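Hi,

Here is the structure I promised to hand over. My notes follow below it.

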Amino acid sequence: MIDLRSDTVSKPTPEMRAAMAAADVGDDVWGDDPTVNELERYTAELLGKAAALYVPSGTQSNLCGLLAHCERGDEYIVGHHAHTYMYEGGGAAVLGSIQPQPVPTDETGMLDLKAAEEAVKPNNSHFARTKLLCLENTIDGKALTTDQHQAARDFADDHGLGLHLDGARLWNAAVALSLSPAEVAAPFDTVSVCLSKGLGAPVGSVLCGSSELVSAARRWRKVLGGGMRQAGVVAAGGLYALQHHIDRLADDHANAQRLAAGLAAIDGVTVTGCNTNMVFSRIDRDDPTLSKRVEARGVRADWRFARSYQERSNRESAPGDSRQGHGRFGRSRMVLHLDVSEADVDTALEAIAAELAT
Ligand SMILES: *Cc1c(COP(=O)(O)O)cnc(C)c1O
C-alpha cells in the first residue's frame, strides 16, 4: 500500500528496528536511560540549544513548552490555523489555564506581526498577560525564512515575550533552505521537533531550549503523564532517524515535485500548492468515492468534497485559497515520506489518473 495521507504513517526501517532492539535502557524518569540521555544530548547539540527533553508526542512537547513559558492567566500569540492552536485539543487552555490569542497568518505561513502588535495586552488587571509568541515551521509544508524568524525574534524582544517554534517538520525546512537545523532553531527560546513524521521513527518528539526552560518542561512532562521508564527502546529509533534520515528528506521534496507535475497533467486536477514534502490539489467535480476507488488500486490518499468555500470548515481551507466557487469539488493534501519511492509516485499517479478517467 502506498500511503500519501501523511508522513506520520511512515514506519521504522529494518536498520532502525535493529538499533531499537539493541538499545541500552534504564529508568528515564530517574534519568537512568542512557539511550534517552544520548538522544536528548544529540538533539540539543543538533539544534544548538543547551538542553532537550524527550516526550511521547509533538502535542505534549508543545504543551510542555507552553507550560514552561506561561503561567495560569498568561496568554500566547499564535497563528489562526497553527497546530498549537487548532489541533491540540485546546490543551493550553484545558490543562494550563493559558489563553491562546490567535492572529491571521499570511500566504507564506508567517503570522501577521501588525495584528500581533495589536493583540499584545497592556499590563493591567483587566487583561491576560501576554507572554509568548509561537511560530510553526514548516507550516502547510511551507518553510519560513530566516528573515521571518528574525522579525519574530525582534518582535518578541520589543515586547518582552518568549519565542517558541513548533518545528515538527523543522528538518524539512532546514533541507529546503539549505540551512543547518541549528541555524533554523537559533532565534527561538524553545523548539519542538518531531521524530515520527518524515524521519520515520515510530514515536516521539523532543523539546529543546535553555536548561531552565527544559527543566521546567521536564516537571510538566511528569505532571502530564509523559514520564516514560525504559524509553530507550523507542528513543533509539529517534536517534537512528536523526543520524540517518535528515538528508534524505530532499528525496521527499523531489518526489513531491514529481507528484505535483504528474497531478497537474491529469485532466480536471489543479495543483494549488507544492511545498517541501506536501502537495495540495483540487478536483473540479463531485466524486465522494474517489478515495475508496484509488485505495482499491493500492494507493491511500484523502479527498474531501465540499460545495463551496463557505461550506468547508476553516480546518480544511488552505491559506491563500479564497476561491468562492459554486458546485462541489474535492481537495486533497498528499504527503511524501521515506516509505514512498519515486516509482511509488508514478504508481500513485497512474491509479489516480485511471480512476479520474472513469
Ligand atoms: C504532527 C504535528 C505536531 C505534533 O503532533 P503529534 O501527533 O502530537 O505528535 C505538532 N505540530 C505540527 C505542525 C505537526 O504537524
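Which residue in β5 is the bridge partner of Glu75? It is Thr130. Before the rest, the ground rules.

This is a predicted model, so local features need pLDDT of at least 70, side-chain atom pairs count only at pLDDT 80 or more, and totals for chains, interfaces and linings use all residues. Residues are numbered from 1 along each chain as its sequence is written, and side-chain values use heavy atoms, with hydrogens and water left out.

**Overall**

The chain has 14 helices and 13 strands. Both are DSSP runs numbered from the N terminus: helices are H or I with at least four residues, strands are E with at least two. The C-alpha atoms fill a box of roughly 60 × 55 × 35 Å along the principal axes. The radius of gyration is 21 Å, which agrees with the value near 21 Å for a compact globule of 358 residues. That radius is taken over C-alpha atoms, and the globule rule is 2.2 Å times the number of residues to the power 0.38.

**The seven-stranded sheet**

This sheet is open and mixed, in the order β2-β8-β7-β6-β5-β3-β4. Strands count as paired if DSSP finds at least two bridges between them. At the edges are β2 (51-55) and β4 (99-103), each pairing on one side only. Neighbouring strands are turned by 20° against each other on average, direction ignored. Axes here are lines fitted to C-alpha atoms, for helices over the stretch in contact, and angles run from 0 to 180 degrees between N-to-C directions.

Contact means heavy atoms within 4.5 Å.

Two backbone points to check by eye:

- Asn137 and Thr138 are joined by a cis peptide bond, with omega about 0°. Thr138 sits in the loop between β5 and α7 (146-159).
- Ser97 has a positive phi near 50°. Its place is the loop between α5 (91-96) and β4.

**The four-stranded sheet**

The order is β9-β10-β13-β12, open, with antiparallel pairing. Here β9 (269-275) and β12 (303-306) are the edge strands. The twist averages 20° from one strand to the next.

β9 and β10 pair over six bridges, with Val271 opposite Ser281. Their hairpin has two residues between the strands, and Thr276 takes a positive phi near 40° there. β10 (residues 278-283) and β13 (residues 329-335) also pair over six bridges. In that pairing Arg282 stands opposite Arg331. Helix α12 (residues 249-264) lies across β9, β10 and β13, at about 165° to β9.

**A pocket**

The second largest pocket has a volume of about 150 Å³. Met1, Asp3, Val9, Lys11, Arg300, His337, Asp339 and Val340 line it. A pocket is an open set of points on a 1 Å grid over the protein atoms alone, where a 1.4 Å probe fits, with protein on both sides within 12 Å along at least five of seven lines; lining residues have an atom within 4 Å of a point. The volume is the space filled by probe spheres set on the points.

Best wishes
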